[in-house]
Amino acid sequence: MAGLAATLGSGAMTNSIADIPQADVLLVTGSNTTEAHPVLALQMKKAVRKHGAKLILIDPRKIELADFAYLHLRHTPGSDVALFNAMAHVIIAEGLANESFIAERTEGYDLLVEAVRDWTPERAETISGVPAAQIRQAARLYAQAKNGAIFWAMGITQHTTGTDNVKVLSNLALLTGHIGRPGTGLNPLRGQNNVQGACDMGGLPNVFSGYQPVSSEEVRRKMAAAWHIPYERLSPNNGLTITEIMHGIQHGRIKAVFIMGENPMLSDPNLNHVEQSLRQLEFLVVQDIFAHETAQFADVILPAVSFAEKEGTFTSTERRVQLIRPALPAPGEARPDWQITLDLANRLGANWSYDSAAAIFAEMATVTPQYAGMNHIRLEQGGLQWPCPTPEHPGTPILHTQAFTRGKGLFCAIPYRAPAEMPDEAYPLILSTGRILYHWHGGTMSRRSPGLNAIAPEAEVEIHPKDAAAYQVRSGDLLKVSSRRGEVVAAARLTRRSPVGTIFMTFHYAEAAANLLTIDAVDPTSKIPAYKVCAVKVEKVSREQ
Amino acid sequence: MITAEKITHTTCPYCGVGCQIDMHVKDGLIYRVDGRWDNKVNHGNLCVKGRFGYDYVHAPDRLRHPLLRTRAKSKNGQKPGFTPVTWDKALDLVANRLRHIRDKHGPDSIAFLVSAKCSNEENYLLQKLARAVIGTNNVDHCARL
């Protein structure tokens, strides 16, 4: 979310799920919303079918939302910057920009004008494969909307240009003023139930909770005082990201890793590299509800409890903080994660005492401005959207209504960069990865559900019939998919959903882990791996092998 | 018809939409999950995972005891062995090893992965442990993945 933090000052969904039907144009890109966020997609469908909104879908694959789209632009994976720069070019060249909004609420406009001057739709067509006329049509439709809302997910951010992709989308909203009102905005859809919360709580290497930078002396003095520790204890240096941690292990910088509720042996890119790193560690602790793939490398495994057995809060993609409540007792001796952390901290010399999740929340709210007005008792009445600065504040459904968090919205001049790895003679196809409706992330949860597994029992490779014909592959044949980093075998599924030259796999299946193939090249700012584009080859293998 | 012993209002654990659910429990089993209407998020709706994807909570391979590795990390793909231990033994060992590694190699030789599936309270507390007790900012999670 580094892109929006730079352009607006706050890296979260600007609007709310409930105001989606107020948009008359929806621009959805890099989000297979009906499969990854099905209930939110219902609001998009409602906007189209019930209120007559026009949906612009920008996605290489013919996903279910294509059936609802007024316009479907199928661009080459990784060409997003070229495409959106061209849309900005059209909006400026045809006089569709919102001049008064630009003058009052933004800065850097001249730089943008200069940067997109040469980005004609014809030039973008040569890179993206999208006809120039369609790019013009999409730009006009979005710019001339009364309320235009942009939605995206990992299809935008999981590229080496992920931060750039977000900034060029942000340019479109700032150019047209489609922000700060119901039915507008820049709306990144968060994939997991509490990604937003984990970020808000300081689960990042450069910030404490509430995105307060560790590099700020003022912030460190405040946290040290609140936590009753010497100021010198808090490090002023940014820590390492997951991908850097894995490299750091190999270079001997990192000796011990403590993992709570994650399975990097399935979800990280370039799994063979992750395995080497985990083997090399001096000490690995895994705290989880299952002994998953990563736990096989642990020195100690600590049993935690599931969401159904504990109290606490999750923060949803629309910044809404909501309670979870225990419905069942913990299995065996398993304990809530916070109790384990508490006991470990006190063994390491801390002097902490919390008697409940509510007590931890209360402390967190005192050091986290966005959450300052919330507590578990208020949340009993229903969820609250941050920022909620005081106990009387009703929460904030729409961000940036009067001013941006950073003051003025910042336009960004973004040059096009090609993906880290593109098809060549040895690896002639593009592999893109993502989710399907019936399974979830690494599959640790959903693959233990007999019902869901019966519907989607085995890993598949989506391949276009033309590509399949070239390799003489029929539906159901086993395909070996190889990249420069590894290989997996999965069943072919012939479909026109994926364009010619691009195959698609999910990362839900441990036995055919797509992330053995993916590249760990990352976006230079956000450090998000490029899961959506890497080069692969395929060959047919027999079922007996 | 089965009658619930207890109906718990809680939040769906799957995607980031945050649907509100009623979890019906009888004999220690979740047997039904309904979408709640009293909110602006899901209006009673749920997807197939949110309605039916809860078997994992009752899975026989849920972890029930702290486990300690008994066999050295093998290089040839041999399965590791684990033995159950008490909480005291497990936490003492983790604390001692972390303290030893921090004293020998410095706080930045230790890294913590927090979780997009755990609660706000749990994430807050583990990053506080990393920063205030160990003294490192090596804290991340799979938001990027």
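Biologist: Which residues in helix 4 of chain A meet helix 6 of chain A?

Modeller: Asn85(A), Ala88(A), His89(A) and Ile92(A) in helix 4 meet Leu112(A), Val113(A) and Val116(A) in helix 6 of chain A. Two residues are in contact if their C-beta atoms, placed from the backbone, lie within 7 Å. This is a predicted model, in which local features need pLDDT of at least 70 and side-chain atom pairs count only at pLDDT 80 or more, while totals for chains, interfaces and linings use all residues. Residues are numbered from 1 along each chain as its sequence is written, and chains are lettered from A and ligands numbered from 1 in the order in which they are written.

Biologist: At what angle do helix 4 and helix 6 of chain A pack?

Modeller: Helix 4 (residues 80-93) and helix 6 (residues 109-116) of chain A pack at about 110 degrees, and their axes are 9 Å apart. That makes helix 4 of chain A roughly perpendicular to helix 6 of chain A. Angles under 35 degrees count as roughly parallel, over 145 as roughly antiparallel, 65 to 115 as roughly perpendicular and the rest as oblique. The axes are lines fitted to C-alpha atoms, for helices over the stretch in contact, and angles run from 0 to 180 degrees between N-to-C directions. Helices (H or I, at least four residues) and strands (E, at least two) are DSSP runs, numbered from the N terminus.

Biologist: How many residues of that contact are nonpolar, polar and charged?

Modeller: The contact of helix 4 with helix 6 of chain A has five nonpolar, two polar and no charged residues. Ala, Val, Leu, Ile, Met, Phe, Trp, Tyr, Cys and Pro count as nonpolar, Asp, Glu, Lys and Arg as charged, and the others, Gly among them, as polar.

Biologist: And helix 13 with helix 15 of chain A, at what angle do they cross?

Modeller: The axes of helix 13 (residues 242-250) and helix 15 (residues 271-280) of chain A come within 8 Å and cross at roughly 55 degrees. Met246(A), Ile249(A) and Gln250(A) of helix 13 touch His273(A), Val274(A), Gln276(A), Ser277(A) and Gln280(A) of helix 15 of chain A. This contact of helix 13 with helix 15 of chain A has three nonpolar, five polar and no charged residues.

Biologist: Now sheets. What is the strand order in the five-stranded one of chain A?

Modeller: It is an open sheet in the order 3-2-1-5-6 of chain A, with parallel pairing. Strand 3 (71-73) and strand 6 (185-188) of chain A stand at the edges with a single partner strand each, so one side of each has no neighbour in the sheet. On average, neighbouring strands of this sheet are turned by 15 degrees against each other, direction ignored. Two strands pair if DSSP finds at least two bridges between them.

Biologist: Which helix packs on that sheet?

Modeller: Helix 8 (residues 132-143) of chain A packs on the sheet, touching strand 1, strand 2 (54-58), strand 3 and strand 5 of chain A. The direction of helix 8 makes about 130 degrees with that of strand 3 of chain A.

Biologist: How many bridges pair strand 1 with strand 5 of chain A?

Modeller: Five bridges, in the parallel sense, pair strand 1 (residues 25-29) with strand 5 (residues 148-152) of chain A. Leu27(A) stands opposite Ile150(A) in strand 5 of chain A.

Biologist: What do strand 18 and strand 19 of chain A form?

Modeller: They form a hairpin, with four residues between strand 18 and strand 19 of chain A. Strand 18 (residues 478-482) of chain A pairs with strand 19 in the antiparallel sense over five bridges, and Ser482(A) stands opposite Glu487(A) in strand 19 of chain A.

Biologist: Switching to the two chains. How many residues does the contact take from chain A and from chain B?

Modeller: The contact takes 116 residues from chain A and 92 residues from chain B. Helix 16 (residues 337-347) of chain A gives the most to the chain A side, with eight residues. That side of chain A has 65 nonpolar, 33 polar and 18 charged residues.

Biologist: Which strand of chain B is joined to strand 9 of chain A?

Modeller: Strand 6 (residues 110-113) of chain B is joined to strand 9 (residues 256-260) of chain A by four bridges, and the strands run parallel. Ile259(A) stands opposite Leu113(B) in strand 6 of chain B.
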